[in-house]
Each structure stands twice: as C-alpha cells, then as structure tokens.
Amino acid sequence: MSVSDADDTARLFDQQSPERMSVVGQHMFEPILARAAEDMDSVTIGLGCEVVDLTSGEDSVTVAYTDQAGVRLTVVAQYVIGADGLRSIARRTLGIGEHGQESLGTAINVQFDADLDQFLGGLFIPIIWIINVDTQGAFIRDGATRWRYNFEIAPGADPDAVTQDVVRETSRCRDRRRRSH
C-alpha cells in the first residue's frame, strides 16, 4: 500500500465512522491516559498493584488490592472500571461471562525497534500477517521504527516458558524458499 493508498483508505474509514482507524500500542496510549487521570483530584494511580477482591454493594464498590510491597489495602468507590482483560477478577466476581469459544489461545506480544522499511519495497504497510508452519502472528507498526510482533503459542503451552531466545527465533523472518542452483 502506497502513501496515497493509505490516504484513500483513511478517507474511506472517515465516511463510515466518526472514529479514526488507529493501531496504537499500550506503551503509547497508557502514559497519555495516566497524565489525564493525574489531573483529577479523585484519581489515584497505583502501579504494581493487584486487585484481589471486589465487593459490589447497594451504593458503592469495595476493592481489596495488594500494593507493590504485598500489603493488602481497600478502597471504596461509587463504581469500578474493570479494564483488566478476559481473565479479570472484576469479570469473575461480577459473574460476567464470555460468549463463543472458551479460549482464543495465548499470544505473546513483543515490542522492538527496527528499520523494516528497507524490506517493504517503498510501501507503507501498517500490519504484516505471518502464517507458516513455524509461527502465526502479525507485525504491527507502532511508529517509524517501532514494531510489535504478536504471535500465538501452542495450546496448553506455558507462557512463562517463552524465553527471549524463543521470541528472537520466532520473530526472525527467514526466506525459506528453495533456491535452484
């Protein structure tokens, strides 16, 4: 896709939705959200904390959590935003189930900096899907040289067993075509 094709695609999306199409990694938008939240007197950001219990009352919600030192604390609020994923304690506590497949699998998300444009033939390509016998995933452009590679691991595999060497080998692009001599 050339730059002009990308502009045409953006115009097409603009006609279909008031929201702009965007591919933005959490490492980019989380600091923006944190800065906006820090300006609110009613917000306290607790990094490294883990919610361990959630109790919904008539007019409030009580959240029990552990801080970075492992100390258990509680906070009472009018509401809680549960943005902690599919396996969240908020979903479990409030009985919010899932629909469809039981599990979509386990994916690893790797961020790296590399100038890949030299391999893209002058085209602006925001997402590159990789599907072969060794891996299945997508390279996602997060900036001029910032990329993410998101790939699936085998069903039942332990995500903690995915070492840096495994990630390096999985995300390395190789030309596997047979060459005739």
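Since the model is predicted, local features need pLDDT of at least 70 and side-chain atom pairs count only at pLDDT 80 or more, while totals for chains, interfaces and linings use all residues. Residues are numbered from 1 along each chain as its sequence is written, and side-chain values use heavy atoms, with hydrogens and water left out.

Let's start with the four-stranded sheet. What is the order of its strands? It goes E4-E7-E6-E5, an open sheet with antiparallel pairing. When I say helix or strand, I mean a DSSP run (H or I, at least four residues, for helices; E, at least two, for strands), numbered from the N terminus. Two strands pair if DSSP finds at least two bridges between them. E4 and strand E5 (127-131) sit at the edges with a single partner strand each, so one side of each has no neighbour in the sheet. On average, neighbouring strands here are turned by 15° against each other, direction ignored. For angles, axes are lines fitted to C-alpha atoms, for helices over the stretch in contact, and values run from 0 to 180 degrees between N-to-C directions.

Zoom in on E4 and E7: eight bridges hold this antiparallel pair, and Asn109 has Asn150 in E7 as its bridge partner. Helix H4 (residues 164-171) packs on the sheet, touching E4, strand E6 (136-141) and E7, and its direction makes about 100° with that of E7. Touching, or contact, means heavy atoms within 4.5 Å.

Now the largest nonpolar core. Twelve residues make it up, including Ile108, Val110, Trp147, Phe151, Ile153 and Val162. A nonpolar core here is a set of buried Ala, Val, Leu, Ile, Met, Phe, Trp, Tyr and Cys residues joined through side-chain atoms within 4.5 Å. Buried is under 20% relative accessible area, exposed is over 50%, and partly exposed is in between (1.4 Å probe, protein chains only). Which strand gives the most to this core? That's E7, with four residues.

Phe151 touches Ile108, Val110, Val162 and Val167, among others. Ile153 lies in E7 and counts as buried at 13% relative accessibility. Its contacts include Thr106, Ile108 and Val162. Ile153 and Ala107 are 46 residues apart along the chain, yet their C-alpha atoms are separated by 6.0 Å.

Over to the other sheet. This one is open too, three strands in the order E1-E2-E3, antiparallel. Strand E1 (50-56) and strand E3 (72-77) are the edges, each pairing on one side only. Six bridges join strand E2 (residues 61-66) to E3, and Ala64 is bridged to Thr74 in E3. Thr66 is also in E2, buried at 18% relative accessible area, and among its contacts are Cys49, Val52 and Arg72.

Last stop, the largest pocket, at about 1,800 Å³. A pocket is an open set of points on a 1 Å grid over the protein atoms alone, where a 1.4 Å probe fits, with protein on both sides within 12 Å along at least five of seven lines; lining residues have an atom within 4 Å of a point. Points are joined across faces, edges and corners, and the volume is the space filled by probe spheres set on them. Of 39 lining residues, Val43, Thr44, Ile45, Gly46 and Ile81 are closest to the centre. Which element supplies the largest share of the lining? H2 does, with nine residues.

Note on methods: Lists of a residue's contacts leave out its neighbours within four places in sequence.
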